[in-house]
Amino acid sequence: MHNHIKIAKFTETIFPEMKIKAWVHMLLATIAIVGFGCQQELKDPDKEVKYTGPVIENKDVFTLYSDSAKLMIRLKAPVQQEFQDGDGVFPKGFYVEFFQQAGQVTSTMRANYGKQDKGREIYYARGDVQVHNIAKGEKLETEELYWDRRRRKIYTDKFVKITTPNRVVTGQGLRSDQNFENYTIQKITGAFDLEE
């Protein structure tokens, strides 16, 4: 009996120590997990991956630009994506009509892809870019063109082909008004008369 009591006292003195150690270990493990979780949440916002895609996507866009209440430009596009900074992209291209007199289209421009710098009002056109001057019957073809809406100019440094009713002229680079009435080819590379 006496031995039995000693064993019981021995176990009573060991178990509380083991219980305290277990509680200490559990507490340390909990603090470590919570501390690790807090470390994961504290991230540098400058190093975070930020979304840079479009914030708005418009379908079947139809935009009118006027000057002194007169229609000057009509822009159409199947899709327009707008970004946080206000710039836009026309991933499926765009088509523009230019007016000089009310209701009369004087020239047109089209491209397979477009990008708009809203702050500077400059449009970038790429892919089978064509500008037609309806009154003169002339057509400009190139793969890349800039349209400065504020200054009413179009320009490129790429290869250009201009077809008139009786000639085809090729060259490198072009500067023109947006209606494609008065233009200058930077470097002419060829001129061919068309047969009547």
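Tutor: F90, F94, F98, Y123 and W147 form one aromatic cluster. The model is a predicted one, in which local features need pLDDT of at least 70 and side-chain atom pairs count only at pLDDT 80 or more, while totals for chains, interfaces and linings use all residues. Residues are numbered from 1 along each chain as its sequence is written, and side-chain values use heavy atoms, with hydrogens and water left out.

The structure holds eight aromatic pairs; rings of Phe, Tyr and Trp (its six-membered ring) pair if their centres lie within 6.5 Å, and planes under 30 degrees apart count as stacked, over 60 as edge-to-face and the rest as tilted. One of these pairs joins F98 and W147, whose ring centres are 5.4 Å apart and whose planes stand at 85°, so the pair is edge-to-face. Because F98 lies in strand β4 and W147 in strand β8, the pair ties together parts that are 49 residues apart in sequence. Strands here are DSSP runs (E, at least two residues), as helices are (H or I, at least four), numbered from the N terminus. Both F98 and W147 are buried, where buried means under 20% relative accessible area, exposed over 50% and partly exposed in between, with a 1.4 Å probe and protein chains only.

Leaving aside residues up to four places away in sequence, W147 touches I73, L75, V96, F98, M109, E121, I122, Y123, K153, I154 and Q178; contact means heavy atoms within 4.5 Å. W147 is also among the residues with the most contacts inside the largest nonpolar core, together with L75, F94, V96, M109, L140 and L145. That core has 26 residues, a nonpolar core being a set of buried Ala, Val, Leu, Ile, Met, Phe, Trp, Tyr and Cys residues joined through side-chain atoms within 4.5 Å. Among the elements that give two or more residues to this core are β4 (94-101), β7 (122-133) and β8 (138-148).

Nine of the 12 residues of β7 are buried, which leaves the strand mostly covered. β7 and β8 pair in the antiparallel sense over 10 bridges; two strands pair if DSSP finds at least two bridges between them. R126 stands opposite E144 in β8, and the two strands form a hairpin with four residues between them, where G137 in the turn has a positive phi of about 70°.

Y124 is buried, with a relative accessible area of 14%, whereas Y146, at 30% relative accessibility, counts as partly exposed.

β7 also runs antiparallel to strand β6 (residues 113-117), to which five bridges join it, with K115 opposite Y124. β6 and β7 form a hairpin with four residues between them, and E121 in its turn has a positive phi of about 55°. R126 lies over the face of Y113, at 4.1 Å from the ring centre; a charge sits over a ring if NZ of Lys or CZ of Arg is within 6 Å of the ring centre and within 35 degrees of the ring normal. With β5, finally, β7 pairs in the antiparallel sense over four bridges, and T108 stands opposite H132 in β7.
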